[in-house]
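Subject: Structure handover

Hello,

Please find the structure below. My notes follow it.

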Amino acid sequence: MLSKSTDTQAVRGTRPGATAPEAQAQLPELAPTVLVTGKGGVGKTAVSAALAQGFATLGERTAFVCFSEAGWAGRGLSAEVEQVVLDMTSALEAMAISLLGSGTLAKLLVHNFAMRRLLNAAPALHELATLHAVQALRAEGWERVVVDMPASGHGLMWLSVPAQLMRLLRVGPLYELAATLGSRLRDPAETSLAVVTLAEPLVMSETIELLTALRKGDRIAARLLVVNHMPASHRLATAELGDAQGEEVSPGRHRLRDIMRAREARLDAVQHLAQQLDDEHVALLRVPAYPETPTLQQLGAALGFPTLQAHAAAPRESDGRAR
Amino acid sequence: MTPMPQVVICAGGGGVGKTTTSAALGLYWAQLGARVLVVTVDPARRLAAALGIEVGGDIQRVSLPGVNAAGTLDVLMPRPEDAMEAFADALFSEHPERRATFKSNRIYASLAASLGGIQEFVAVVSVAQAAEAGYDVIVIDTAPSRHALDFLRYASRLAELLEGRAVGWFADLASRVRTGEPAGRGGIFAWGKRRVEAMLSSVLDVTTIEDLAGLFGDLASVRTGVVALARQAETLLLGPFSRFVLVGAPTEAAYDDVLHLQRALVGLGKEPDLLILNRAESGTPAWLAALGEETLSPSEHALLETLSAESDVRTALGASFAQRFSHKLGAIPLLRLPYFERGSPLEVVLDLAEALSATPADSPLAGWHKGLAINAERTSPTK
């Protein structure tokens with residue numbers, strides 16, 4: 001459905017001598033519900049929004065779900081994308097309504113002084129309510145629901161909440177709900193997980209741990225890994241790295257070569273990970289580093305949406321530029 | 001009595017260099033002769049990597065260049081996997097028999113891992129303990145999120161949760177659910193209570209409600225201790241000795257995060273004392289400019305061009321974001337720091353500490369140094 005991305009993925013402002021990142025993999029087929037997770041600061045929200053924008057330009061009825069505390073103002077999203085800002089209290093209320101069948105009763109329960117305290121201290125229910133809200137959007141007829149999940153560490157926990165609640169409750173309507181939501185989450189035809197990361201050693205190693213943990217137990221498997229802010233390659237010929245030959249190198253030049261080596265090491269680490277993931281049916285997409293905040297069109301093009309590659313090839317300066 | 005340390009709380013969104021900045025501030029003050037502790041509630045590994053040390057549960061001494069004879073730099077990186085254990089230990093230190101029941105509670109066991117804020121709570125306890133240990137400065141590196149400041153009131157929230165009425169309500173409910181006895185009659189409140197109970201019992205099973213009540217009962221038994229701890233934590237973290245540093249970078253996301261955190265802080269009755277804008281140099285770095293004079297190979301030259309162009313973008317963005325921040329945050333002092341790209345995170349920390357020490361006498365940090373020096377004087381260094 002989606003073509004290989006073309007030269008539009010090249011870094012804008014790339015200097016001579018820099019080579020573009022390796023040929024881009026295709027955006028894999030993703031399930032109707034796409035959950036996007038990642039550490040804070042990796043560009044998770046922008047990647048989620050670009051995915052939503054991309055699906056919308058393919059003609060799919062798309063909803064973009066984010067959380068009220070995330071502060072995303074839907075910058076650059078076009079009108080075809082339905083933006084849903086979830087706040088926890090209403091999500092809990094909605095879940096209580098579907099459990100109890102009455103809005104008034106649900107409000108009474110959620111706002112009961114003792115329950116409120118309990119709910120505040122037990123975020124597992126918040127997470128279940130969120131999964132419930134996402135499911136409700138699918139039931140309303142949205143063909144594609146892209147969710148900008150809260151930044152992990154907590155991301156992992158989020159995905160294990162249904163199973164945890166099932167172990168805890170064992171019977172009852174809440175148990176049934178957790179079971180339904182959990183099976184939706186694990187069904188690869190219904191839900192895909194996308195992980196956003198950076199080509200930086202610490203962030204990468206945390207991502208690898210996340211992927212390993214996801215493979216285990218009752219959690220869902222990742223389908224897509226997006227490596228954001230990929231540096232351009234500046235591989236120097238070995239002869240140019242003459243330190244070993246006893247060449248006198250100025251401190252500045254030494255530093256320059258250190259940076260080059262560090263950047264190459266980052267690119268190699270991504271390449272290595274890509275090979276590993278290949279065997280596990282996780283697609284890896286590289287998004288280049290843009291000098292300034294990229295537009296959703298640019299990001300969408302780098303993620304392999306042909307519809308957005310046309311836009312990005314001839315960008316209008318004012319178009320969706322986050323300001 | 002041990003004097004109160006200066007507590008410096010660093011907060012910011014993800015990916016702005018917050019942990020590196022916290023480590024660099026710690027090193028900078030240690031270099032000025034203060035006895036410093038850096039505590040992180042971020043995944044411990046980041047701080048460990050930034051300082052080139054191994055992650056460990058206890059306070060560790062770090063040896064880094066330039067630390068003044070009177071100064072010391074210690075770090076504490078509480079491990080998340082130890083947090084639940086430490087949480088129970090902290091709560092039930094004086095009631096070991098209750099601690100066992102608490103830990104064996106089914107709900108505690110199932111939800112323990114997902115209870116938010118536990119790690120932060122444990123960090124607060126550690127900070128409270130460290131405050132007794134005679135540090136001049138305690139730097140707290142918070143979680144990379146907009147909720148970073150929630151931990152400031154976590155102890156109080158726990159104390160509120162344990163407020164007698166809620167605990168009693170659950171205990172009462174549990175006993176009646178078990179015996180099938182209806183709630184007492186009378187008035188609209190009793191009606192509401194009955195409805196809530198009926199709903200809750202229809203959603204949860206009897207054992208779960210009993211376990212909930214048991215958990216609340218155990219927690220209630222240590223309520224006095226929790227309240228005392230909450231007070232102590234608030235004095236330390238929100239009292240006159242705490243200062244707040246917001247860390248940002250010249251990106252839209254980081255800008256939003258800083259403004260959000262600033263509002264959260266104002267909501268807690270505090271103002272940020274300083275905004276550090278990372279990756280926002282004020283011109284081409286000297287070493288990069290000097291390289292322009294050298295004869296370089298073509299690919300070295302190409303990399304130099306790329307780095308210079310990147311630096312130009314950061315300089316321009318730095319200026320524009322500094323202006324936007326000043327416009328929004330007005331009186332809060334702003335410190336622009338350059339981007340340091342290095343082979344190892346430790347080199348970045350050393351570079352940043354050097355940049356901090358090179359700030360002019362009228363820089364926002366200058367006053368702090370003076371204040372800290374006085375603090376250090378008063379606590380008399382006995383090493």
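Helices here are DSSP runs of H or I with at least four residues, numbered from the N terminus. This is a predicted model.

Start with helix 14 of chain B. Just after this helix, G330(B) adopts a positive phi of about 50 degrees. The helix itself covers residues 298–329, 32 residues in total. At 1.5 Å a residue it should span 46 Å, and its end C-alpha atoms lie 45 Å apart, so the two agree.

In chain A, H229(A) sits at about 55 degrees. Its place is in strand 6, residues 222–230. H229(A) counts as partly exposed, because it has 19 C-beta neighbours inside 10 Å. In chain B, R279(B) has a phi of about 55 degrees and is not a glycine. R279(B) lies in the loop between strand 7 (274–277) and helix 13 (286–291). With 22 C-beta neighbours inside 10 Å, R279(B) counts as buried; the cut-off for buried is 20 or more.

Now a helix pair in chain B. Helix 1 (residues 18–31) packs on helix 15 (residues 345–357) at about 55 degrees, with the axes 8 Å apart. The two are therefore oblique to each other. Their crossing is right-handed. Helix 1 of chain B contributes residues including T20(B), A24(B), L27(B) and Q31(B) to the contact. From helix 15 of chain B come V348(B), V349(B), L352(B) and L356(B), among others. The contact residues divide into 11 nonpolar, four polar and no charged.

Best wishes

Notes: Residues are numbered from 1 along each chain as its sequence is written. Chains are lettered from A and ligands numbered from 1 in the order in which they are written. This is a predicted model: local features need pLDDT of at least 70, side-chain atom pairs count only at pLDDT 80 or more; totals for chains, interfaces and linings use all residues. A residue is buried if 20 or more other C-beta atoms lie within 10 Å of its own, exposed if 12 or fewer, and partly exposed in between; C-beta atoms are placed from the backbone. The expected span of a helix is 1.5 Å times one less than its number of residues. Axes are lines fitted to C-alpha atoms, for helices over the stretch in contact, and angles run from 0 to 180 degrees between N-to-C directions. Angles under 35 degrees count as roughly parallel, over 145 as roughly antiparallel, 65 to 115 as roughly perpendicular and the rest as oblique. A crossing is left-handed if the near helix is turned anticlockwise from the far one by less than a right angle, and right-handed if clockwise. Two residues are in contact if their C-beta atoms, placed from the backbone, lie within 7 Å. Ala, Val, Leu, Ile, Met, Phe, Trp, Tyr, Cys and Pro count as nonpolar, Asp, Glu, Lys and Arg as charged, and the others, Gly among them, as polar.
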